[in-house]
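Visitor: I would like to learn how to read a few features in a protein model. Where do we begin?

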Amino acid sequence: MPKDDVKLLGVWASPFVMRVQISLNIKSVNYEFLEETIGSKSELLLQSNPVHKKFPVLIHGDKPICESLVIVQYIDEAWTSGPSILPSDPYNRAIQRFWAAYLDDKWYPAMRRFRGAHEEKRQELLDQMVEVLALLEEAFGKYSKGKAFFGGDRIEFLDIAFGSFLGWLRVIEKVGGVKLLDEAKTPGLVKWAERFCADVAVKSVMPETEKLIKFSEVLMAKMKGARPSPKN
């Protein structure tokens with residue numbers, strides 16, 4: 001399929017954009033990546049996602065699809081020739097969707113607020129992330145059945161949903177001086193993360209930690225600059 005038929009609107013540092021990139025790579029889909037500018041929204045983005053006005057947006061032909069997990073499922077159904085992303089078994093499919101939704105509800109909010117939080121709040125957010133990881137470690141042991149990934153021998157839906165956060169997880173570990181994934185508490189997830197990041201579908205889109213830290217610093221500076229000054 002020509003690149004012009006598939007476009008992806010987003011920012012390289014977004015874990016939600018990465019979900020779409022990994023899925024397209026798994027399916028060997030050629031696409032054009034249209035980088036959005038932080039702080040402004042392109043006319044194409046606003047036209048393509050008039051409800052939420054945010055990325056990622058996948059444009060297939062002239063049809064826009066929004067929301068990362070919805071897009072991943074669309075990719076799996078639209079390109080059937082590549083490896084399946086969602087399990088064929090209905091129960092396993094439901095389980096992976098459940099945990100993916102849980103990550104977006106519980107993990108992402110804590111991760112997003114961590115950098116700008118004061119020390120007491122940071123510890124509360126870290127405790128929340130540790131709790132999520134403990135549950136995921138248990139889930140990995142239960143559902144992987146000793147294999148490489150959550151669904152078995154290859155990357156599937158839940159691997160993509162969680163693996164897209166690994167870059168920012170490393171940022172939190174570095175700037176916070178903490179270890180979230182460690183051999184003592186989450187040995188299964190440690191090995192899983194290594195395998196996930198080494199996969200050919202992931203390697204080209206997983207951002208470097210230092211680059212993400214610089215991006216975060218610029219983003220926080222922009223956010224502070226956009227806030228109105230307190231009145232005397």
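Guide: With strand pairing. Two strands pair if DSSP finds at least two bridges between them. This model is predicted. In it, leucine 58 has isoleucine 65 in β4 as its bridge partner.

Visitor: How many bridges join β3 to strand β4, and in which sense do they run?

Guide: Four bridges, and the strands run antiparallel. Strand β4 covers residues 63-66. The hairpin of β3 and β4 has two residues between the strands. There, glycine 61 takes a positive phi near 70°.

Visitor: Which residue in β3 is the bridge partner of leucine 9?

Guide: Valine 57. Strand β1, residues 6-10, pairs with β3 over four bridges, in the antiparallel sense.

Visitor: Are the faces of strand β3 covered or open?

Guide: Buried means under 20% relative accessible area. By that test both faces of β3 (residues 57-60) are covered. Val57 and Ile59 are buried on one side, Leu58 and His60 on the other.

Visitor: Now the rings. How many aromatic pairs does a search of the whole structure find?

Guide: It finds 13. Planes over 60 degrees apart count as edge-to-face. Phenylalanine 98 and tryptophan 99 form such a pair, 5.4 Å centre to centre with 85° between the planes.

Visitor: Why is the pair of tryptophan 99 and tyrosine 102 edge-to-face?

Guide: Because their planes stand at 80°, with the ring centres 5.4 Å apart. Both residues lie in helix α4 (residues 90-114), three residues apart, about one turn of the helix. For tryptophan 99 the relative accessible area is 12%.

Visitor: Which residues form one aromatic cluster?

Guide: Trp107, Phe140, Phe150, Phe162, Trp192 and Phe196.

Visitor: Which charged residue lies over the face of phenylalanine 114?

Guide: Arginine 122, at 4.6 Å from the ring centre. Tryptophan 12 has lysine 211 over its face, at 4.5 Å from the ring centre.

Visitor: Last, a charge with no salt bridge. Where does glutamate 156 lie, and is it buried or exposed?

Guide: Glutamate 156 lies in the loop between α5 (119-144) and α6 (157-163). It is buried yet has no salt bridge. Arginine 154 is the nearest side chain of opposite charge, 4.0 Å away.

Visitor: Which side chain does a polar contact join to that of glutamate 156?

Guide: That of glutamine 96, in a polar contact of 2.8 Å.

Note on methods
Residues are numbered from 1 along each chain as its sequence is written. Side-chain values use heavy atoms; hydrogens and water are left out. Rings of Phe, Tyr and Trp (its six-membered ring) pair if their centres lie within 6.5 Å; planes under 30 degrees apart count as stacked, over 60 as edge-to-face and the rest as tilted. Buried means under 20% relative accessible area, exposed over 50%, partly exposed in between (1.4 Å probe, protein chains only). A charge sits over a ring if NZ of Lys or CZ of Arg is within 6 Å of the ring centre and within 35 degrees of the ring normal. Lys and Arg count as positive and Asp and Glu as negative; His and the chain ends are not counted. A polar contact is a pair of N or O atoms within 3.5 Å; within protein, one must be able to donate a hydrogen and the other to accept it, and residues adjacent in sequence count only if both atoms are side-chain atoms.
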